[in-house]
Amino acid sequence: MAFTRATGKHRRPSRAARVSANVAGIATLTAAGVVAGVAAPAFAASDDTQRPEDTGLTQAVVMGDVMAEHVDAQAESQRSAADEAAARLQAEESAKQKAVQAKQRYEEAQRKVEEERAAKEKAARDEERKRLGTFVSPIDGSYVSTSYKASSGLWSSGSHTGIDMHAETGTSVHAVGMGTIVEAGWGGAYGNNVVIKMADGTYTQYGHLSSIDVSVGQTVTPGQQIGLSGATGNVTGPHLHFEARTAPTYGSDIDPIAYMAAHGVNL
């Protein structure tokens, strides 16, 4: 039996039916990943005489674009944050390296300063030891006027126990080396005299002084003034009587010329 259809113009499905179909089609196309590919045919299939109606497909495409833009923006924000974090870490590492280098430079500079200071102190100590270990003439620019062991009735022993050095009254008399004063005052025939115990354990004597500038127990250094020359005691004129001794007392004299020469001074 054949079915017949009512005569008359064919009608399109209702709007509700079309929306349902579009939603179902969108779901299917979205799942298949071909939303964009079917957009054009969907519009082409529309009635030329009718204005295309908005479909769920168009909304899905728009929503997809919005979501894509959102994802891109989020990814860009994450990349920017990662770049900022990396730059911050790099800056921190660079700052640490610079701090370490600055500390090393400072420590190196301090080490050099300390080395230079130590070297200067050592040089000063060496120079001071050298100065204190040197000997000088008891009178600058003078000469020996009477030699050691010269014979004469002027001396009680019959010979000269030291040397006489030419000097007018008031000439500065110096300690020949570093030592300690063990006698400073009147010495009988020697007049005003000073006796010094030297650093090496020997003794030196300075006689006939017009004045004395030191006292017993005082430490003196090479070249330090101990008094002024004169003509006190048993003398015929102003001069300095200089002796070198092995003991502080009379009679322990040794050759003062040889003594001074052994210490680098030629009288």
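The paragraphs below take up the aromatic pairs and then turn to a histidine.

The model is a predicted one, and a search of the whole structure finds 2 aromatic pairs. In one of them, the ring centres of F135 and Y259 lie 6.0 Å apart with their planes at 75 degrees, and because planes over 60 degrees apart count as edge-to-face, that is how this pair is classed. The pair links distant parts of the chain, since F135 belongs to the loop between α3 (56-133) and β1 (144-146) while Y259 is in helix α4 (residues 256-262), 124 residues apart. F135 has a relative accessibility of 12% and therefore counts as buried, and Y259 is buried with a relative accessible area of 6%.

The rings of Y206 and F242 also form a pair, with centres 5.5 Å apart and planes at 55 degrees, so that this pair is tilted. Because Y206 lies in strand β6 (residues 203-212) and F242 in strand β9 (residues 239-245), the pair ties together parts that are 36 residues apart in sequence. Y206 is buried, its relative accessible area being 0%, and F242 is likewise buried, with a value of 0%.

H174 itself lies in strand β3 (residues 172-174), and it counts as buried because its relative accessibility of 11% is under 20%. Within that strand, the side chain of H174 makes a polar contact with the side chain of S172, at 3.1 Å.

Key. Residues numbered from 1 in each chain as written. Predicted model: local features only at pLDDT ≥ 70, side-chain atom pairs only at ≥ 80, totals over all residues. Heavy atoms only, no water. Helix = DSSP H or I, 4+ residues; strand = E, 2+ residues; numbered from the N terminus. Buried < 20%, exposed > 50% of the residue type's maximum accessible area, 1.4 Å probe, protein only. Polar contact = N/O pair within 3.5 Å; in protein donor to acceptor, adjacent residues only side chain to side chain. Phe/Tyr/Trp six-rings, centres within 6.5 Å; stacked < 30°, edge-to-face > 60°.
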